[in-house]
Amino acid sequence: MASALPLAERPGKIIAVHLNYRSRAEQRGRVPEQPSYFLKPSTSVAASGAVLERPAGTELLGFEGEIALVIGREARRVTPEDGWSYVSGVTAANDLGVYDLRYADKGSNLRSKGGDGFTPLGPTVLPAADLDPAALRLRTWHNGALVQDDTTTGLLFEFGRLVADLSQLITLEPGDVILTGTPAGASVAVPGDVIEIEVVEVGRSGRSTGRLVTRIGEGTVAFGPFGALPRVDDEQRADAYGTREPGFTLTAELRTRIESVGTATLSAQLRKRGYNAVSIDGLTSTRPGARLTGRARTLRYLPYREDLFARVGGGYNAQKRAIDGLGPGDVLVMEARGEPGTGTIGDILALRAQTAGAAGIVTDGGVRDLAAVTALDIPTYHRGPHPAVLGRRHVPWDVDIAIACGGAAVCPGDVIVGDGDGVLVIPPSLVEEIVDAAIEQERQERFIAEQVAAGERVEGLYPMNEYWLGRYAAWQAR
């Protein structure tokens, strides 16, 4: 067993390295020439077994398994060769952060990674004097599945060099903690998840820090309107998940390809693959001639109840938080239970969504100020107009959760596509396949239409038999 060395509940300093594993650098597509750092508050420290709340209104709570160095004696202007001797112990760390706030930090990571409980450490500290810093293994489990597994042979900058580099300008004091970077495999946790991290000595006795356990809960206290509010986009999703899967990027090129085909064709391709309940039904668009393409952000309304509305319906409620949280390319999709008897959006909030760069608004409830909303550039799909405000039928309740809208299930990040025929929900993992097939389908239909216009019968042509498929191939070649 490892010895239990002291680990300060409130270290004087927590210094984290941005990028330090070759596997992570390859994943990010860049290799730094020198290490770079950021600070985390001492109040971010938490013990093993603690429950960390994902802040209310955020989507991307990232976890990163790391090896933490505990400084044992004062270090100032030390050399890389001597740097390791100033480390008293090694333990496991979870460098947690909300990507929703990275845009506001401008590199400091203070709000995105500095929240209370965002640096779990422990549970046991391995004495550094008995360790080879080049022979440590870091592993992370997400809900029991091993997602990170790397050794310190994959470091870009060895531990002694980090200590020396920092000590050139900063006096490192006993109890200070250095987080040494995370390997590939870091990803996103949601409420109900469990993250476990362990540091093990490679070979020798195989001594371990034990598993650092963090359980993820759901925050209930909303951000106030007096600071930067959570906001995500495809780039942040891709960074948070550590890959383009599952948080793929809806690029401008892909958006153009999607909008080159109609929802009717996309719907046919979805149906061929067994997806029969992905249309949001019963809605009318304020701009039926405009295309809608974007990523879903969601808002759920509960049926009106006096005590609930008194508690959460007024002030900076979930509806306003959802609107303020929108970013470029987002589509706000609202679950209003198909209830058109009150407005779920009005002109002011629709204008706010437009100025934020949102791609559109979809609600299976009513719209207030319909003439003014229709005059905006942002397309809004709705169940009908109604002059009443929320408190008549709805309580704004949840943001960025799975919802039901117009008979379709919608998850945050789903691709929403709309035109004059209606609105579709496409799972991100299917988008490329569906669009490629839809483009080919419409190409075939153009050929078929040419033949029909020339007087050909539809028998054997629509759909095409072997004869017409041969003619189609020759038509394509021309």
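Is Cys 405 buried or exposed? At 0% relative accessibility, Cys 405 counts as buried (under 20% relative accessible area, with exposed meaning over 50% and partly exposed in between, for a 1.4 Å probe and protein chains only).

## About the model

This is a predicted model, in which local features need pLDDT of at least 70 and side-chain atom pairs count only at pLDDT 80 or more, while totals for chains, interfaces and linings use all residues. Residues are numbered from 1 along each chain as its sequence is written, and side-chain values use heavy atoms, leaving out hydrogens and water.

## Cysteines

Searching the whole structure turns up zero disulfides (pairs of cysteine sulfur atoms within 2.5 Å). Cys 405 is in no disulfide, and the nearest cysteine sulfur, that of Cys 411, is 13 Å away.

Cys 411 is likewise in no disulfide. Cys 411 is partly exposed, with a relative accessible area of 35%.

## The cavity

The whole structure holds one cavity of 30 Å³ or more (a set of points on a 1 Å grid over the protein atoms alone where a 1.4 Å probe fits but cannot get out). The largest cavity has a volume of about 90 Å³, volume being the space filled by probe spheres set on the points, which are joined across faces, edges and corners.

Its lining has 13 residues (those with an atom within 4 Å of a point), and the closest to the centre are Gly 57, Pro 230, Arg 321, Ala 322 and Gly 325. Helix 10 (residues 318–324) gives the largest share of this lining, three residues; helices are DSSP runs of H or I, at least four residues, numbered from the N terminus.

Note on methods
On a 1 Å grid over the protein atoms alone, a cavity is a set of points where a 1.4 Å probe fits but cannot get out, and a pocket is an open set with protein on both sides within 12 Å along at least five of seven lines; lining residues have an atom within 4 Å of a point. Helices (H or I, at least four residues) and strands (E, at least two) are DSSP runs, numbered from the N terminus.
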